[in-house]
Amino acid sequence: MELPFAESWRIKMVEPIHKSTLKEREKWIKEAHYNLFQLPSDQVYIDLLTDSGTGAMSDRQWAAMMVGDESYAGARSFFHLRDTIERLTGFKHVIPTHQGRAAENVLFSALVKEGDYVPGNSQFDTTKGHIESRKATAVDCTIDEARDTQLEYPFKGNVDIKKLEKVLQEHGDKVPFIIVTITNNTAGGQPVSMENLREVHKLAKKYGKRVILDSARFAENAYFIKTREKGYADKTIKEIVKETFSYADGMTMSAKKDAIVNMGGFIATRHEDWYDAAKCFCIPIEGYLTYGGMNGRDMEALAVGLDENTELDNLETRIKQVQYLASKLDEYGIPYQRPAGGHAIFIDASRVLTHVPKEEFPAQTLAVELYLEAGVRGCEIGYILADRDPVTRENRFGGLDLLRLAIPRRTYTNNHMDVIAAALKNVFDRREKITRGYKIAWEAPLMRHFTVKLEKA
Ligand code: F0G
């Protein structure tokens, strides 16, 4: 008999989590103004709000923390981190930051000016925020295939080269760089192929532009290249990672994802001029250059995490768990962005809650229903997160309206996946009865989804 697939780790430490009653959850979600970000985590049973900073560190990472060097300048831990990043990516200039958006803030402070255009594949909301707050425009050049959630396509995160070339032709002198997000979170945790990265690189060269990889989930992207792209099956993840970054000039990194640390990030680049420009912003915004926004011990854990999560065993365990959850949803006929992404399942709310008008935010409504059902906390990646158009101030209803169930790394078991799937099925079975959603009672001018207050429509 063939042995089933199982985890490539065992559990050494556990953290209790608590179930609750429907009555309790009804009270709590009302108190949170129907915004799941506003729930205290003790009111959540299975937390799929994000895979960011919620992973379980390994014994090796915890051990590394004990040898952290907390020197203000020239800390040994910084050099460990820098050398690991250079070995994996080929980038020799490294600036540690406290998380991914801080890397964006520091680097974009140096590179993005008012009136610029920054093309890429569905920039993440903080990335878009750091572009738009500088009065520049983020242009989404993701391939159209990504917009059809039911279409099976192996690299739905790809950049549409024609769309990208159009931006370069029209706004060439106003494009400071191209940014490609791997994997493409907003499009559903969908990977970008090596072929596509190569084409973007070629086009960038043609127009004299540089490429940044927003690399939060670069290792998961490498796993998909290995398992889906011709010519990569026999390459190691580390080889694929090295080639990936060979097509880029620099990276911003949220280490809270694929480096499996609870906090941390960095900028890395092969260009001294970018490094010198970013340096001037790192010191006042984050901290001195050899710690930026991090502790010595955290840089040690980050270095180990980068190394561990660019090994096949670890990635396979992780992605197969996401695929396991997807297979349950297939069994129940629940529509999600296909194929399943690397870090999450994105339920297509507009295909589930067909009676809830878009003005009443179907994905948010589905998120609330799933929480009420079983204390499972997901995250709306839809019309609320899309914010308003900075010029017209109209809601942006043009994209997808998804409920993201992000799976933290090495944190939950497949029994938890069964609970999530069963809870979703129960909501799915009563979907015809859900006809009203939510309206906004208060919202912030930028990145409103974190603090928005909702009331029943
Ligand atoms: N880029 C991508 C692709 C991301 O997914 C995130 C964060 C960031 C940048 C910003 O990094 O959080 O460390 O400041 N994504 C989290 C998420 C928050 O839930 O998807 P950060």
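Which residues in α1 meet which residues in α14? The legends below answer this and describe further views of the predicted model.

**Figure 1. Packing of helix α1 against helix α14 in the predicted model.** Leu22, Arg25, Glu26, Trp28 and Ile29 of α1 meet Val368, Tyr371, Leu372, Glu373 and Ala374 of α14, where contact means heavy atoms within 4.5 Å. Seven nonpolar, no polar and three charged residues make up this contact of α1 with α14. In this division, Ala, Val, Leu, Ile, Met, Phe, Trp, Tyr, Cys and Pro count as nonpolar, Asp, Glu, Lys and Arg as charged, and the others, Gly among them, as polar. Helix α1 spans residues 22–31 and helix α14 residues 362–374; the two pack at an angle of about 145°, with their axes 7 Å apart. Axes are lines fitted to C-alpha atoms, for helices over the stretch in contact, and angles run from 0 to 180 degrees between N-to-C directions.

**Figure 2. Residues surrounding the ligand.** The ligand is surrounded by 16 residues, of which Thr50, Arg101, Ser254, Lys257 and Arg404 are the closest; a residue counts as near if one of its heavy atoms lies within 4 Å. One nonpolar, eight polar and seven charged residues form this shell. Helix α4 (residues 100–111) gives the most to the shell, with three residues.

Figure 3. A polar contact here is a pair of N or O atoms within 3.5 Å. For Asp214, a polar side-chain atom lies 2.7 Å from a nitrogen atom of the ligand. The protein covers 94% of the 470 Å² of accessible area that the ligand has on its own, as computed by the Shrake-Rupley method with a 1.4 Å probe.

Figure 4. Helices (H or I, at least four residues) and strands (E, at least two) are DSSP runs, numbered from the N terminus.

**Note on the model.** Residues are numbered from 1 along each chain as its sequence is written. In this predicted model, local features need pLDDT of at least 70 and side-chain atom pairs count only at pLDDT 80 or more, while totals for chains, interfaces and linings use all residues; side-chain values use heavy atoms, with hydrogens and water left out.

Technical notes. A polar contact is a pair of N or O atoms within 3.5 Å; within protein, one must be able to donate a hydrogen and the other to accept it, and residues adjacent in sequence count only if both atoms are side-chain atoms.
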